[in-house]
Amino acid sequence: MTATRASAPPGPQDSPIAAAPVVALRHVSISFDGPPVLEDIGFAVAPAETRILLGPAGVGKSVLLKLINGLLRPDQGSIQLFGVEISTKSEEQLFPLRNRTGMVFQEGALFDSLTVRDNVAYQLVQERVPDEEIDRRVHQALTFVELDNTFAFYPASLSGGMKRRVAIARALIHQPELILYDSPTGGLDPITSTTIIELVMKQRDVYRTPSILVTHRLQDAFTLCTHRFDPELGRMAALPKGETDPNTTFLMLEEGRLIFDGSIHELVHTDNKFVREFLE
Amino acid sequence: MAIGIVERTAKDIVHTAQDYTLFGYRAVMNLFRPPRYWTDFLMQANIIGVGSTTIVLLSGFFTGGVLALQSEATLAQFGATAVTGRFVSLTMIRELGPVLTGIMVAGRNASSMASELGSMVVTEQIDAMRALGVDPMRKLVTPRLFACISMLFFLTILADAFGIFGGGFVTVFMNHQNGTQYFSQAWEHLRYPDIIQGLVKPLVSGFIIASVGCFYGMRTSGGTEGVGRSTIDAVVFSSVIIIFADFLLTQVMLTLMPPL
């Protein structure tokens, strides 16, 4: 069943979740001087939905996120972001749409010549928001990621996990309508990874922001599915046994092709050989 | 096989030339449409202009000195040591001032632009900037381009002046000739076409340095090794293109404004 969904990608109009998808891809392909990196990709992201994009390293997961944000242009196919076709838009026409999304890059991609405050406030500074308002919102965003004490630090003095959390604060300060996480826990120790996943969960459950999370760490993906953020406790809590978050679903890539699109239940019961090997 | 390699290389060259032309065009046109980043322009003007002043002054001074030293022996054979000032000032203002300043600034700033932007590319900072709704061409390239053009203009004037002083220093203290004669010769035989020629060249060199440095920086790939490669390419190509452009400009200027 899941293989059928993946091989015949639903268009925005015929998908069950496509009443008003935030993102919709149809038959998207891209290559860089060689065989296709991504081929015939199609899926949609509904409002308040979190899609976890799984796959081994080098399979095109980061490329897919960059396509969705218009940082790369597909060779073929259609990409709709907030209902707007972006594959034919110029760079300048894309800036207003990118302002509505937040993106967390693999290594954080913080500007190393700027302080944490200026990194997090980058968009606000460009929009000439008054300094007092910027400071207030930066403190708020840094408090969300529990790093308010790093306000005046430079990225070089932060650990890998702290950089990712600052990158999350930077992505969230503008209250985006879609968040793209590119391997936010890649290369981090388990404790720091859990902290990052808790932040992702907090954003999902408190603000209901739709998102796509790229990861190759199954434990992160399953934690997101089987836990929820408890605002009263201020941390994540396990869902009752057998329950999973209905708005968190999975995609899986293999050699540039989408081979799975479905829920965690479908994922663990699929008979696709590659998915089974990946899970094991 | 061999034809395939030639074809691929030719296509690469044409493709790079096309990309560079479009890159330069976009960088220039950005100045005529908002947003403009004046703070970044001033910061770059400080880095390029103030930061390069010492090397430009020293290289100008010693080049003028060497010119006076070298010319003294030759001019003495014709009993013409009195025209040392004229020789040094014309050579500095028309040729060596603009070219040497261009090459010195290329070595210092084309490399720094390529490595800085290249590092930003490989660490995804450029993508992050685009994702945050800011055009890196406007924010990073255009301010560097216009800062480099404007600062190279003033640096060249400084290099010319210090070259003439250097020549004067050697003439007076090492060749034991008359200083007043040197400076009056240096001044009296200058014509506007000489000065125009000397001041048009740095405008072109400034464009070459910044556009080549930023171009190679922005197309960096292959991690830290790629940054090193971009830096080398930026310095080598900007230096060679400066000398080539100098040759073309000199030919054009001599045709438009022939010497007396």
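1. Among contacts in chain A between residues at least 6 apart in sequence, what percentage join residues at least 24 apart? The share is 64%. Two residues are in contact if their C-beta atoms, placed from the backbone, lie within 7 Å.

2. A word on the basis of this note. This is a predicted model: local features need pLDDT of at least 70, side-chain atom pairs count only at pLDDT 80 or more, and totals for chains, interfaces and linings use all residues. Residues are numbered from 1 along each chain as its sequence is written, while chains are lettered from A and ligands numbered from 1 in the order in which they are written.

3. Chain A has 11 helices and 12 strands. These are DSSP runs, numbered from the N terminus: helices are H or I with at least four residues, strands are E with at least two. The radius of gyration of chain A is 18 Å, close to the 19 Å that the globule rule gives for 280 residues, so chain A is as compact as a globular protein of that length. The radius is taken over C-alpha atoms, and the rule is 2.2 Å times the number of residues to the power 0.38. Along the principal axes, the C-alpha atoms of chain A fill a box of roughly 55 × 50 × 35 Å.

4. Of the 280 residues in chain A, 45% are buried. Buried means that 20 or more other C-beta atoms lie within 10 Å of the residue's own; exposed means 12 or fewer; partly exposed is in between, with C-beta atoms placed from the backbone.

5. Look next at helix α7 of chain A, residues 160–172. At 1.5 Å a residue, its 13 residues should span 18 Å; the end C-alpha atoms are 19 Å apart, which agrees. The expected span is 1.5 Å times one less than the number of residues. In α7(A), 12 of the 13 residues are buried, so the helix is largely enclosed by the rest of the structure. Among them are A:Lys163, A:Arg164, A:Arg165 and A:Arg170. The buried residues of α7(A) pack against elements of chain A including β6 (101–104), α6 (131–144) and α8 (190–207).

6. Strand β1 (residues 23–31) of chain A pairs in the antiparallel sense with β2 (residues 36–45) over 6 bridges. Strands pair if DSSP finds at least two bridges between them. β1(A) also pairs in the antiparallel sense with β4 (residues 76–81) of chain A, over 5 bridges. A:Leu25 stands opposite A:Phe43 in β2(A) and opposite A:Ile79 in β4(A). The hairpin of β1(A) and β2(A) has 4 residues between the strands, and A:Asp33 there takes a positive phi near 50 degrees.

7. In chain A, 6 strands form an open sheet with mixed pairing, in the order β6-β7-β8-β3-β11-β12. β6 and β12 (257–262) stand at the edges, each with a single partner strand, so one side of each is left without a neighbour in the sheet. Within the sheet, β7(A) and β8 (residues 211–214) pair in the parallel sense over 4 bridges. A:Asp182 has A:Val214 in β8(A) as its bridge partner.

8. Now chain B. B:Ala161 is in helix α5 (residues 136–173) of chain B. B:Ala161 counts as partly exposed because it has 18 C-beta neighbours inside 10 Å.
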